[in-house]
Structure formats: C-alpha cells, structure tokens
Amino acid sequence: MMSSKQIILYCVVCLGVTLAALTVMFRYAAVSPRAMARAHIPQPMESFPPLTLGGAYGTVSMVDLVGYYLQHPPAAAASGVPAAAPVRIGGC
C-alpha cells in the first residue's frame, strides 16, 4: 500500500518530467522570428506553387483557382430554408 508521501512524490516527479519534456519539445515546435515576420506580409498569388487537387482535377495554379471562385461564388442560403446539418467525421 502506498503512503500519501509516495503519492505526492509520484505526482511531483510526473509533473517535473512532463515540464522538462515540454521545455525540450518547445524548441522544435516554435516558429522562428523570420518565418513569423514573413507570415504577416501578404504574398502575391503568383508566388504560390501549383496545388494538386487530385483525381480528375490534377494540378491547378492559385490564379486559376481564385479566378474560378470569383466567377462561381458559393450560392447564398435562401431565406426560410433551414441550414444543412454540419457533417461530423468520426466521433459521436
């Protein structure tokens, strides 16, 4: 049977190990200041690489994709029509 001192020691050691692991992993998860500064500057569409949409669509440039969206905007929901239920993937 474990005493309360052992339980407290176990919890403190687990928290310490978790904090140490998170401290080490933070270096690999953090974004560099250079990348963060670049993310705040808008990029022209032409600078993006072509997107692979797969299937019958193949590879499409960003300019073509935005042009298609502007020519064919999504249809607005009609008034009085209930919104479609959200699609849930997995889970309950």
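The protein has three helices and two strands; helices here are DSSP runs of H or I with at least four residues, strands are runs of E with at least two, and both are numbered from the N terminus. Read from the N terminus on, the elements run α-α-β-β-α.

Before going further, some ground rules. This is a predicted model, where local features need pLDDT of at least 70, side-chain atom pairs count only at pLDDT 80 or more, and totals for chains, interfaces and linings use all residues. Residues are numbered from 1 along each chain as its sequence is written, and side-chain values use heavy atoms, with hydrogens and water left out.

Next, confidence. The average pLDDT of the protein is 87, and 96% of the residues score at least 70; pLDDT is the predictor's confidence in each residue, from 0 to 100. Among the elements, helix α1, residues 4-29, has the highest mean at 94, while β1 has the lowest at 87. Where pLDDT is low, the predicted coordinates should not be read in detail.

Buried residues make up 2% of the 92; buried means under 20% relative accessible area, exposed over 50%, and partly exposed in between, with a 1.4 Å probe and protein chains only. The accessible surface comes to about 8,900 Å², and 70% of that belongs to carbon and sulfur atoms. These areas come from the Shrake-Rupley method with a 1.4 Å probe, and for residues only the protein chains shown count as cover.

Which residues make the nonpolar surface patch of about 380 Å²? They are Leu51, Leu53, Tyr57 and Leu65. Patch residues have over 30% relative accessible area and no salt bridge; like charges are joined within 9 Å, and nonpolar side chains (Val, Leu, Ile, Met, Phe, Trp, Tyr) within 5 Å. A salt bridge is a side-chain nitrogen of Lys or Arg within 4 Å of a carboxyl oxygen of Asp or Glu. Leu51 lies in strand β1, residues 51-54, and is partly exposed at 31% relative accessible area.

Two loops are next. Gly55 sits between β1 and β2, the latter being 58-60, and is exposed at 83%. Its C-alpha atom is 46 Å from that of Val17, 38 residues apart along the chain. Ser47 lies in the loop between α2, 33-39, and β1, and is partly exposed at 44%. Ser47 and Val63 are 16 residues apart in sequence and 9.9 Å apart in space, C-alpha to C-alpha.

Last, the cysteines. A disulfide is a pair of cysteine sulfur atoms within 2.5 Å, and by this rule the count is zero. For Cys11, the nearest cysteine sulfur is that of Cys14, 6.6 Å away. Cys11 is partly exposed at 40%, and Cys14 is partly exposed at 30%.
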